[in-house]
Structure formats: structure tokens, C-alpha cells
Amino acid sequence: MAKGKEEKEEKVASDESAEPTLTDIPGIGPGIASKLEAAGVYDLMGLAVMSPSALSELAGVGEAVARKAIQAARSMMKLGFSDGVEFSKKRDDVFFLGTGSTNLNGLLGGRGIETKAITECYGAFGSGKTQLGLTLAVRVQLPKEQGGAQGKAVFIDTEGTFRPERVRQIAEGLGANPEKVLKNILVARAFNSDHQILLADKIGELIKNGEPIRLVIIDSLTAHFRAEFAGRGQLADRQQKLNRYLHGLMKMAEQHNLAVYVTNQVMANPAMMFGDPTTAVGGNIVAHASTYRIYLRRGKQGSRVAKLIDSPNLPDNECVFFVSKNGVVDENKD
Ligand SMILES: Nc1ncnc2c1ncn2[C@@H]1O[C@H](COP(=O)(O)OP(=O)(O)O)[C@@H](O)[C@H]1O
Ligand SMILES: [Mg+2]
């Protein structure tokens with residue numbers, strides 16, 4: 001009787017997992033697989049990018065066994081070069097999340113922020129970075145035809161500026177049920193940079209449990225890092241940690257086909273004599289990791305000016321939008 005049930009469960013599991021899993025790798029049984037999962041390594045990709053020494057330490061196996069396991073994962077994953085056509089296939093399922101402003105969507109190539117990419121907004125206090133995040137968290141829940149993905153959003157709040165009442169207001173503006181919209185936003189307050197990193201690791205778990213997460217917002221990406229590594233001598237450590245974190249975010253975006261939106265602060269750049277003397281925090285590390293960078297500032301008559309910086313495929317350009325009661329919009333009709 002019990003055996004019959006076991007067999008049935010096994011069959012269901014194998015039907016669901018057409019893709020090889022960790023336990024398909026020689027040397028990795030359920031015990032090691034659960035240790036790996038506890039450390040945030042859920043699949044072959046996670047294993048393939050590990051170093052033998054890290055795996056050996058984590059799983060409590062010899063380095064030779066670890067090396068073999070990593071090699072097996074890599075060959076199963078077919079890591080390496082792919083031709084242009086293959087590469088473009090990998091991007092076939094990329095989609096976009098509308099921002100609420102056709103101007104801002106246009107700046108980003110027409111349809112909004114992209115999945116399998118990190119979009120960064122940097123700008124002064126009050127420039128609208130959080131408002132764009134809140135608007136996206138509501139709009140990701142819309143159907144595809146309306147620029148959404150019928151998905152949920154994760155909001156990692158490091159500055160304590162997430163406002164449920166603001167989400168309700170934006171949802172109402174779209175004619176949506178405010179309480180339902182709030183339920184589809186998974187919010188966590190990150191108290192320091194380690195906590196912030198840990199929360200990002202947890203997202204893989206949520207997705208594995210079936211949460212249809214299509215957008216991850218980190219507001220702000222850099223505030224904790226900046227505050228905790230304030231001394232000159234700590235800059236290299238900070239950048240290394242930030243780099244690892246950003247790579248993790250990008251991997252998550254690619255693996256799960258979701259959009260990542262991060263906000264960033266600016267600092268005065270005293271070396272600059274003309275123009276706007278502000279520079280994004282995080283230096284080259286953040287600049288290189290962000291697929292799309294937007295510089296946001298206040299414009300005339302309550303408008304916001306968004307400038308696209310160094311995009312891989314779009315011209316540097318500027319546009320104007322507004323933050324209204326209904327969130328991000330083209331024109332302020334309030
Ligand atoms: N309900 C609202 N209606 C209209 N504008 C709003 C509303 N809430 C916030 N704003 C605008 O957004 C600004 C704050 O933007 P925010 O995104 O919090 O800035 P930051 O770039 O610091 O994250 C406010 O100064 C105001 O201009
Ligand atoms: Mg903010």
C-alpha cells in the first residue's frame with residue numbers, strides 16, 4: 001500500500017522534471033543536494049559555476065569528487081560559446097514590463113523594462129526612483145496585452161520607503177482591486193547589506209515553490225553598502241561584495257526570465273566643473289552590471305527627466321514623464 005503511493009509520487013516528480021536536477025549528477029545524492037539547496041544552489045547552473053573547493057567544503061566531499069560533479073554539470077548544461085542564432089533563441093522569451101509612461105517606455109526601446117536584464121535608476125533624493133518601482137510593482141500584475149506579465153513582484157526595501165497606501169492608490173488608478181494588488185507584492189525590509197544579499201537568495205526558493213515572480217525591485221541597491229563600507233580602505237571589499245551580489249541578480253534574472261529594477265543614489269562629483277555634478281554610487285561595478293541605466297532628475301513644472309546612459313543597444317536619449325497620483329504617467333492631469 002505504502003509502496004504503491006511512493007511509486008506514484010515518484011512518477012509525478014519525474015513527469016514534472018524533464019530537465020536534469022542536482023541528483024542526476026554522479027556523486028550527488030539527496031543529502032548533498034539538500035545541503036546545496038540550503039546554500040542557494042538549486043540547479044545545474046548553480047553547480048556548474050561553483051569552484052571545486054567551494055563545493056568540496058559545502059558538501060563535505062573530496063575535491064576530486066567535487067571537480068567531477070562540476071564537470072558533469074557543465075557538460076549537461078552545454079556551457080560555452082553559442083552561435084548568433086542559438087544566442088538569439090535564448091532571448092526569444094524575453095518580454096517587457098510597461099512603466100506607465102509611453103515616453104519612458106520609448107526611451108527603453110518601446111515597451112518598458114526588459115526581463116533577463118538589470119535596469120538601474122539613479123538620481124537625487126525625490127527624483128522619482130521609488131515611485132517608478134512602486135508603479136512597476138503594480139503594473140507587472142497586468143495582463144501581457146497591457147504591458148504586464150500577470151506576475152508578482154518582490155520589493156526589497158532598504159530605506160524604509162515602501163508605502164502600501166501608495167500601492168493602493170496606483171492600483172485604484174488602474175481600476176484594480178487594491179488589496180489583491182498588495183497581496184501580489186512580496187515586501188521585505190533589508191536591515192543591512194548581508195540581509196539584503198540573503199533576501200535575494202531567498203527569491204529562488206520562492207520561485208521554486210511556484211510563486212510567479214516576474215519583477216524584483218531593490219530600493220536601494222547601494223545605500224547599505226555605502227553606509228557600511230565608509231572608510232577609504234574598505235572600498236575594494238565593498239566593490240567585491242557588490243560585484244558578487246550584482247552577478248547573482250543577473251543570473252537570477254536570466255534563469256527565471258524576470259526583470260530586475262534597482263535604484264541607486266548619487267554623490268557630488270567635485271571634479272566636474274560644468275553640467276550636472278552628480279555621479280552614481282558604486283562606480284564601474286554597478287555601471288557595468290546594469291544592462292540599462294537611467295539618470296533621473298526633476299524637470300520643469302514638476303516633470304521628471306530621464307536620461308538613458310550607455311545602453312548596449314539603444315541610443316543615449318532623454319524623455320520627460322510625471323509622477324502623479326496614479327504613479328508614473330506621460331502627462332500630469334491632477
Ligand atoms: N501621491 C502622489 N501624487 C503625486 N506625486 C507623488 C505622490 N507621491 C509621491 N509623489 C512624488 O514623488 C516624489 C518622491 O519620489 P521618490 O520616488 O520617493 O524619490 P526617490 O528618487 O528619492 O526614490 C515626491 O516628491 C512627489 O513629487
Ligand atoms: Mg526612494
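The chain comes to 14 helices and 13 strands, taken as DSSP runs (H or I of at least four residues for helices, E of at least two for strands) and numbered from the N terminus. Its radius of gyration is 22 Å, close to the 20 Å from the globule rule for 334 residues, so the chain is as compact as a globular protein of that length; the radius is taken over C-alpha atoms, and the rule is 2.2 Å times the number of residues to the power 0.38. This is a predicted model, with local features needing pLDDT of at least 70, side-chain atom pairs counting only at pLDDT 80 or more, and totals for chains, interfaces and linings using all residues. Residues are numbered from 1 along each chain as its sequence is written, while chains are lettered from A and ligands numbered from 1 in the order in which they are written.

As for layout, the chain splits into domain 1 (17-77) and domain 2 (96-329), with bounds from an automatic or database domain assignment. Their C-alpha centres sit 32 Å apart, and the C-alpha trace spans about 70 × 50 × 40 Å along its principal axes.

Some 37% of the residues are buried, that is, have 20 or more other C-beta atoms, placed from the backbone, within 10 Å of their own.

Note on methods. A residue is buried if 20 or more other C-beta atoms lie within 10 Å of its own, exposed if 12 or fewer, and partly exposed in between; C-beta atoms are placed from the backbone.
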